[in-house]
Amino acid sequence: MRVWSNANRADLGPLLMRFALSGLLNGTVYAIAFLLVLHFLHFPSYAASIFGYLAGVVVGFILHRNFTFLVGGTWMWQLAKYLIAQAAVMSVISGLSYVASTTLEWPTYAVIGLGIAVAPILTFALLNYWVFPHKNGLLA
């Protein structure tokens, strides 16, 4: 991982803005898919959550590849790495949540806040430096 040059630092603001917008849209897709499956198919909430998550994974991949990081290349390999990255983020957040709630006995709102704080940072790092690396730019 190379340190950013001054030119690359100028690219960071727009990149983070696109990342945030993609995340908001992805969250909206999750919520809509969850509610549709819950109310129209009458699935239990845990099952509706799975459908929402899967819809979000698909939309998230497409958005991050084509809007956030603006990359080409072999999409199948990128998708495989994207799924691994998502599983890694979920594993880290689950582990942190477990320790925060059981060992540290943090209140629920603090555990949720921890996930909200850590997940985007970890996701951005994995996507920017591993899933969708740029030959010239923020990752080189």
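**Helix packing**

Modeller: Helices α3 and α4 pack with their axes 9 Å apart, at an angle of about 155°. Axes are lines fitted to C-alpha atoms, for helices over the stretch in contact, and angles run from 0 to 180 degrees between N-to-C directions. Helices (H or I, at least four residues) and strands (E, at least two) are DSSP runs, numbered from the N terminus. This is a predicted model in which local features need pLDDT of at least 70 and side-chain atom pairs count only at pLDDT 80 or more, whereas totals for chains, interfaces and linings use all residues. Residues are numbered from 1 along each chain as its sequence is written, and side-chain values use heavy atoms, with hydrogens and water left out.

Biologist: How are α3 and α4 oriented to each other?

Modeller: Angles under 35 degrees count as roughly parallel, over 145 as roughly antiparallel, 65 to 115 as roughly perpendicular and the rest as oblique. The helices α3 and α4 are therefore roughly antiparallel. A crossing is left-handed if the near helix is turned anticlockwise from the far one by less than a right angle, and right-handed if clockwise; α3 passes α4 in a right-handed crossing. By class, their contact has 18 nonpolar, six polar and one charged residues. Here Ala, Val, Leu, Ile, Met, Phe, Trp, Tyr, Cys and Pro count as nonpolar, Asp, Glu, Lys and Arg as charged, and the others, Gly among them, as polar.

Biologist: At what angle do α2 and α3 pack?

Modeller: Helix α2 (residues 45-68) meets helix α3 (residues 75-103) at an angle of about 125°, and their axes are 11 Å apart. This pair is therefore oblique. The crossing of α2 over α3 is right-handed. On the α2 side the contact is made by Tyr53, Val57, Gly60, Phe61, His64 and Arg65, and on the α3 side by Trp75, Gln78, Leu79, Tyr82, Leu83, Gln86 and Met90, where contact means heavy atoms within 4.5 Å. Of these residues, eight are nonpolar, four polar and one charged.

**The chain and its core**

Biologist: How many helices and strands does the chain have?

Modeller: The chain has four helices and zero strands, in the order α-α-α-α along the sequence. Of its 140 residues, 30% are buried; buried means under 20% relative accessible area, exposed over 50%, partly exposed in between (1.4 Å probe, protein chains only). Among contacts with a separation of 6 or more, 60% join residues 24 or more positions apart.

Biologist: Which residues have the most contacts inside the largest nonpolar core?

Modeller: A nonpolar core is a set of buried Ala, Val, Leu, Ile, Met, Phe, Trp, Tyr and Cys residues joined through side-chain atoms within 4.5 Å. The largest one has 13 residues, and Phe19, Phe69, Tyr82, Phe124, Leu127, Val131 and Phe132 have the most contacts inside it. Each of α1, α2, α3 and α4 supplies at least two residues of this core. Leucine 127 is in contact with Phe19, His64, Phe69, Tyr82, Phe132 and Pro133, leaving aside neighbours within four places in sequence.

**Single residues**

Biologist: Is glutamine 78 buried or exposed?

Modeller: Glutamine 78 belongs to helix α3 and is buried, because its relative accessible area is 8%. Not counting residues up to four places away in sequence, glutamine 78 touches Phe61, Arg65, Val71, Gly72, Gly73, Val131 and Phe132. One of these, valine 71, sits in the loop between α2 and α3; its relative accessible area is 14%, so valine 71 is buried. With the same exclusion, valine 71 touches Arg65, Gln78, Phe132 and His134. Valine 71 and proline 133 are 62 residues apart in sequence, yet 8.1 Å apart in space, C-alpha to C-alpha.

Biologist: Where is threonine 123 found?

Modeller: Threonine 123 is found in helix α4 (residues 108-131). Its relative accessibility is 12%, so threonine 123 counts as buried. Beyond neighbours within four places in sequence, threonine 123 is in contact with Phe19, Gln86 and Val89.

Biologist: What is the phi of histidine 42?

Modeller: Most residues other than glycine have a negative phi. Histidine 42 has a positive phi, near 60°. This residue lies in the loop between α1 (6-40) and α2, and histidine 42 counts as exposed because its relative accessibility is 63%. Glutamate 105, in the loop between α3 and α4, has a positive phi of about 55°. With a relative accessible area of 63%, glutamate 105 is exposed.
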